[in-house]
Amino acid sequence: MSEETTTAPQSIDPEFREQALESLKNVSDPELGVNIVDLGLIYDLAFDEEHDALVISMTLTSAGCPLTDVIENDIAEALDGLVTAFRINWVWMPPWTPERITDDGRDMMRALGFAI
């Protein structure tokens, strides 16, 4: 029986982190129409050197969201040319709350008619 070892994701360069977050701002939550960064859905970014992949720890506004495939496809498009691969680590704890929304995200939601 072979023993498989996996490398824990490593922290990433702050400049690259900002580039990745800027790219991810092009991905909107399909139901709310606000980008996933300003909604506070991104919990962490790390890099898995063993698989040469960006690891995106993120959540959704609700665990039963049927649109994860849409979000994953949009993330792939947003990161095209920036990374060779990525994977999403879906995180449910702590759960998402509206307090995670950035000031810019609140402005966007108000512009869309949400009372936040």
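**Note on the predicted model: core, surface patch and side-chain pairs**

1. Setting aside neighbours within four places in sequence, methionine 58 is in contact with Ile36, Leu41, Ile42, Tyr43, Ile71, Ile75, Ile88, Asn89, Trp90 and Val91. This is a predicted model, and the points below should be read as a description of that model.

2. The largest nonpolar core has 30 residues, and among these Met58 and Ile75 touch the most other members. At least two residues of this core come from each of helix H1 (14–24), strand S1 (42–48), strand S2 (53–58) and helix H2 (68–79). Ile75 is also one of the residues in contact with methionine 58. As a general remark, nonpolar side chains in soluble globular proteins tend to be buried together.

3. On the surface, a nonpolar patch is formed by Leu112, Phe114 and Ile116, which together have about 240 Å² of accessible area. Phenylalanine 114 is found in the segment after helix H3 (103–111), and with a relative accessible area of 32% this residue is partly exposed.

4. One aromatic pair is found when the whole structure is searched. The pair consists of tryptophan 90 and tryptophan 92, which are stacked, with 6.3 Å centre to centre and 10° between the planes; the pair counts as stacked because planes under 30 degrees apart are classed that way. Tryptophan 90 is partly exposed at 24% relative accessibility, and tryptophan 92 is partly exposed as well, at 36%.

5. The structure holds four salt bridges, of which some are described here and in the next point. Aspartate 44 is partly exposed, with a relative accessible area of 36%, and arginine 17 is partly exposed at 28%. Another salt bridge joins the side chains of arginine 87 and aspartate 48 (2.8 Å, N to O), and since arginine 87 belongs to strand S3 (residues 86–90) and aspartate 48 to strand S1, the pair ties together parts that are 39 residues apart in sequence. Arginine 87 is partly exposed at 37% relative accessible area, whereas aspartate 48, at 2%, counts as buried.

6. Within helix H3, aspartate 107 and arginine 110 are three residues apart and are therefore separated by about one helical turn. These two residues form a salt bridge whose closest N and O atoms are 3.2 Å apart. Aspartate 107 is partly exposed at 47%, as is arginine 110 at 42% relative accessibility.

Terms used. Residues numbered from 1 in each chain as written. Predicted model: local features only at pLDDT ≥ 70, side-chain atom pairs only at ≥ 80, totals over all residues. Heavy atoms only, no water. Core = buried A, V, L, I, M, F, W, Y, C linked by side-chain atoms within 4.5 Å. Buried < 20%, exposed > 50% of the residue type's maximum accessible area, 1.4 Å probe, protein only. Helix = DSSP H or I, 4+ residues; strand = E, 2+ residues; numbered from the N terminus. Contact = heavy atoms within 4.5 Å. Patch = residues over 30% accessible without salt bridge, like charges linked within 9 Å, V, L, I, M, F, W, Y side chains within 5 Å. Areas by Shrake-Rupley, 256 points an atom, 1.4 Å probe, with all protein chains shown as cover. Phe/Tyr/Trp six-rings, centres within 6.5 Å; stacked < 30°, edge-to-face > 60°.
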